[in-house]
Amino acid sequence: MGWFDKLKALVDIKIDLRNLVQITINSNNATNSNNSAAFTNTEKSLIINTAHLSEEQKKELKQITKEYIEEGNKLLKTETSQTLHSIEDYNRENKSKDKQILDFFKDVIPDEDLDALEASLFLRSEFRKGNETIVKKIKRDIRIKFGDRGNNISNLCTAGYFENFLRELYNVSKEKEKFDQLYESIVSDSVLAVFVNKEMSTRALTEEIKKKIEASLRYGLEAIFIHGIGKQNISTIKSCIVENKNFFDFFEKIIFEKENIIMVKLLIRKKEL
Amino acid sequence: MNEIKNPTIIFEDSAKKFVLELLDKDINEEGLIVEKGNPNQKVLTFDKNELYFEDFGGVQKGSEVFIENNVVSLIKFSKEVK
């Protein structure tokens, strides 16, 4: 008798399991119904609430689940299962173009950065599809694993810096050491770009821009970029430019704005003596 | 003749403890998943990292392969473990 047959024997006989696709186990003590059901179902899914199983039933369910795993099946948490499906879809649909980027940077950047980049390319793919929920999770997971550095990498990746700037930079750098220094400053200190988030005030943004300009001059970079996504961040950037008109008038600005995204390129000129 | 496919089992966050119990695992004071019979033996993920209860994402292959609910880890898992 397989695990599914044993499960059928465990479940209330009135429940039709013929078209079942998914079984979800929870242990939910909270209930707003007098009829606290151990088993609830739709045509294709069954929910088992262990909080309403007898000790004997729990024991049986544990044994059934063990047999399910021993058959070679993955037993996953709901969110993990959804994320893994998204990753598998991404691997099928997008991999070749993003793989080219990963292959290029394989022996160019540290292994941990490569892992962060790989996750960031997946993040970018989901961001472009508008999958907000998983985007938040991926960003959070990258930060958990790689801290601020990972966060910088994901911002730079989403904005296309790896293939549009860093790859070119590597190709034109005569010495790897020079590339490594500049790469390090861009990724760890984020000298090249400011990514505005909703917690940033215009004052904080102004300070950040001034710091980047100083750092960029030291590294010989010709421009810095300011990125914002969303109404609030766009407004912060525009307010910053208006409030500091005298300061920003010193620089040539190129502003690109489309739908919900703004990018400001500030060309840095060295002051003439 | 078409083979009838068995359904998939998944579990919600509230059932993590239930799942660990069926796998004979426990949680130590630091919040790490450990062997029930030997609390000094910490459970490792497929990529050899300790696993916190809050990050527990699931198992595969007779409970030998523990999975972390983190995208970075899951990307590696999708490539390495079939």
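Me: Which residue is the bridge partner of I255(A) in β8(A)?
Reply: Let's start with the strands, which are DSSP runs of E at least two residues long, while helices are runs of H or I of at least four, all numbered from the N terminus. β7(A) and strand β8 (residues 261-267) of chain A are antiparallel partners over 7 bridges, and two strands pair if DSSP finds at least two bridges between them. In β8(A), the bridge partner of I255(A) is V264(A).

Me: Good start! What kind of model is this?
Reply: Residues are numbered from 1 along each chain as its sequence is written, chains are lettered from A and ligands numbered from 1 in the order in which they are written, and side-chain values use heavy atoms, leaving out hydrogens and water. Local features need pLDDT of at least 70, side-chain atom pairs count only at pLDDT 80 or more, and totals for chains, interfaces and linings use all residues: this is a predicted model.

Me: By what angle are neighbouring strands of the open sheet in chain A turned against each other on average?
Reply: The sheet has 4 strands in the order β5-β6-β8-β7 (chain A), with mixed pairing. Its edge strands, β5 (193-195) and β7 (252-258) of chain A, each pair on one side only.

Me: Which three residues supply 17% of the area that chain A buries against chain B?
Reply: Here 46 residues of chain A touch 38 residues of chain B, contact meaning heavy atoms within 4.5 Å. Buried area is the accessible area (1.4 Å probe) that two parts lose on being put together, summed over both. Between chain A and chain B that comes to about 3,800 Å², with 63% from carbon and sulfur atoms. The trio that gives more of chain A's share than any other three residues is K62(A), L75(A) and K77(A).

Me: How far apart are the closest N and O atoms of D13(B) and K77(A)?
Reply: A salt bridge is a side-chain nitrogen of Lys or Arg within 4 Å of a carboxyl oxygen of Asp or Glu. The rule finds 6 of them across the interface of chain A and chain B. D13(B) and K77(A) form a salt bridge, and their closest N and O atoms lie apart by 2.7 Å.

Me: In the salt bridge of K79(B) and E118(A), is E118(A) buried or exposed?
Reply: These side chains meet at 2.9 Å, N to O. K79(B) lies in helix α2 (residues 71-80) of chain B and E118(A) in helix α5 of chain A, so the pair joins two chains. Buried means under 20% relative accessible area, exposed over 50%, and partly exposed in between (1.4 Å probe, protein chains only). K79(B), at 44%, is partly exposed, whereas E118(A), at 11%, is buried.

Me: What is the relative accessibility of K212(A)?
Reply: K212(A) forms a salt bridge with E208(A), with the closest N and O atoms 3.0 Å apart. The two are 4 residues apart in helix α9 (residues 202-219) of chain A, so about one helical turn separates them. E208(A) is partly exposed at 22%, but K212(A) counts as buried, at 5%.

Me: What is the phi of K48(B), roughly?
Reply: K48(B) sits in the loop between β3 (33-35) and β4 (56-60) of chain B. K48(B) is exposed, with a relative accessible area of 64%. Although K48(B) is not a glycine, its phi is positive, at about 65°.
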